[in-house]
Amino acid sequence: MSYREELLRLRGERVAGESGRFEVINPFDGEAVGSAAKASRAQVEQALLYAKQFRSTLSRFERSEILRRAAALLAARADEGARLITAESGLSLQDSRYEIGRVSDVLVFGANEALRDDGQVFACDLTAHGRQRKVVSMREPLLGVIVAITPFNHPINQVAHKVVPSIASNNRLVLKPSEKVPLSALWFADLLYEAGLPPAMFQVLTGDPAEIGEALITHPAVELVTFTGGVEIGKRIARVAGYRRTVLELGGNDPLIVCSDIGEGAELDRAVQLAAQGSYRNSGQRCTAVKRILVQSSIAERFTERLVAATEAWTFGDPLDERNAMGTVIDEVAARLLERRVNDAQAAGARLRCGGQRDGAMLAPTVLDRVRPEMEVVLEESFGPISPVITFETVDEAIALVNASRFGLSSGVCTNRLDWATRFAQQLQVGTVNVWEVPGYRTELTPFGGIKDSGLGHKEGVQEAIKAYTQLKTFTLPW
Ligand SMILES: NC(=O)c1ccc[n+]([C@@H]2O[C@H](COP(=O)([O-])OP(=O)(O)OC[C@H]3O[C@@H](n4cnc5c(N)ncnc54)[C@H](O)[C@@H]3O)[C@@H](O)[C@H]2O)c1
């Protein structure tokens, strides 16, 4: 892949950053993939004012067509997009291709939702003091600008989940993508412009978050800040955002709970596959990756043996090699942190069953058992390919273990007992309970998001994001 020298997407033009440039490094081989512009605070102001003065008059049909054309362009360039994601993130091509498929779904759902008017008509003669009137509800785009800030772990899909609902609802959005993976966000922006998107509806500012972060969050033109990323930055945004809407999608520490009623036959293998996929796909860097595996003690040893076999069969290495299921984590600093947590857990009594080796930003898929809840590897979000196995005796204990976490994003449950599945669904303090699926299972359309430190309960997913990006106005009529 040739070196990409990128510019801002500002006021409908490609513009150099007033604060210089930064390099984007391939985490696998340490080579520079390209460089991106550092926007200045003055350029943040320019972008926001340009967006603020623009009011889109695109019809539902026109917005839907832009998104459909973008989906067609993406399909035609899927390989190019996947290779760019892999080059700047170290994710395997298998993972990157999967991500492109998800982005396509976001575009298609966005195109469909753009055509859907969810306005309601309410009769008013429903009570003794009612009257012969009607209340009609309708959605309008925000008056102010949307600012979106995205993390590194799904370089294009995180961006798609912000901008597609914004286009579908006729808003204007300014994006600051992760400085670790800015190139694929800019590539995706160009694809949307080519599909006919007016540039004022989507601008991209790359740069140093320490320099431009606060300006993006506090400028008076900004009505909504939508952020996906870690808890620390998310809470900081909540503190400084002031009187404006925020949507915060933060970290997770999701469990896969494996109950003994499934036995030790084929269903145990199914649970093992879910554990491995949930832990290692996307290099374990999903907010909803399996970060703790809770196994009922009577089947724990058989489960762990088979998980070790599945983990040793998980291919990893050069992300561009199509045979490898897994590439690197985002950088060596992240890999070293994971390695240290694995070592600390061992020192505190956990047993390393396989993996644990690190080479640069590459951490081998790793299974630990005899893990206790107070070990850092499970107490904190460990954003990488680690399967820590914790045992439990009763359903009550499993629920208490999950709920003791400060996170509350999603969960997966392997049981065939409806009474247990129902208890988990009712009592786990999380945004999602997936029975016989990984915690990360979702469609791009459906509501998604966490509680506690994982978020304030505002949901994403194309449909919910459109709700967050609009104001619901009512008008009443005398009939
Ligand atoms: N809940 C979800 O939907 C979801 C999805 C994916 C990832 N995540 C979380 O994201 C995290 C990993 O991503 P990350 O390491 O890129 O997260 P991060 O919090 O380090 O960075 C996220 C974004 O915030 C920006 N940022 C940093 N400092 C800022 C500041 N002072 N002001 C404004 N913006 C600032 C970064 O540049 C980046 O664009 C994990 O915790 C993961 O769980 C959550």
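Which strands each supply at least two residues of the lining of the second largest cavity? Strand S13 (254–258) and strand S20 (407–408) do, and point 3 below returns to them.

1. A word on the basis of these notes. This is a predicted model, in which local features need pLDDT of at least 70, side-chain atom pairs count only at pLDDT 80 or more, and totals for chains, interfaces and linings use all residues. Residues are numbered from 1 along each chain as its sequence is written, and side-chain values use heavy atoms, with hydrogens and water left out.

2. On the annotation: UniProt, in an unreviewed entry, places the feature "domain: Aldehyde dehydrogenase" at residues 16–474. UniProt positions follow the numbering used here, feature names are shortened, and annotations may be inferred rather than shown by experiment. Over residues 16–474 the chain is 40% helix and 20% strand, with the end C-alpha atoms 44 Å apart. Helices (H or I, at least four residues) and strands (E, at least two) are DSSP runs, numbered from the N terminus.

3. The structure holds two cavities of 30 Å³ or more. A cavity is a set of points, on a 1 Å grid over the protein atoms alone, where a 1.4 Å probe fits but cannot get out; lining residues have an atom within 4 Å of a point. Grid points are joined across faces, edges and corners, and a volume is the space filled by probe spheres set on the points. The largest cavity holds about 140 Å³ of space. Its lining has 13 residues, and Arg102, Gln158, Cys287, Arg442 and Phe448 are the closest to its centre. Helix H5 (residues 157–168) gives the most to this lining, with three residues. The second largest cavity has a volume of about 30 Å³. Among its lining residues are Asp254 and Pro255, along with Phe407 and Gly408; strands S13 and S20 each supply at least two residues of that lining.

4. A pocket is an open set of grid points with protein on both sides within 12 Å along at least five of seven lines. The volume of the largest pocket is about 1200 Å³. It is lined by 43 residues, and Phe152, Lys180, Gly229, Gly230 and Ile233 lie nearest its centre. Helix H7 (209–218), strand S11 (222–228), helix H8 (231–240) and helix H11 (332–347) are the elements that give two or more residues to this lining, and H8 has the largest share, six residues. By class, the lining divides into 20 nonpolar, 11 polar and 12 charged residues. Here Ala, Val, Leu, Ile, Met, Phe, Trp, Tyr, Cys and Pro count as nonpolar, Asp, Glu, Lys and Arg as charged, and the others, Gly among them, as polar.

5. The second largest pocket has a volume of about 360 Å³. Of its 22 lining residues, Tyr98, Arg281, Arg286, Val438 and Gly440 are the closest to its centre. Helix H4 (93–114) gives the most to the lining, with six residues. The lining holds six nonpolar, seven polar and nine charged residues.

6. Finally, the cysteines. A search of the whole structure finds zero disulfides, a disulfide being a pair of cysteine sulfur atoms within 2.5 Å. For Cys414, the nearest cysteine sulfur, that of Cys259, is 7.9 Å away. Cys414 is buried, with a relative accessible area of 0%, while Cys124 is partly exposed at 24%. Buried means under 20% relative accessible area, exposed over 50%, and partly exposed in between (1.4 Å probe, protein chains only).
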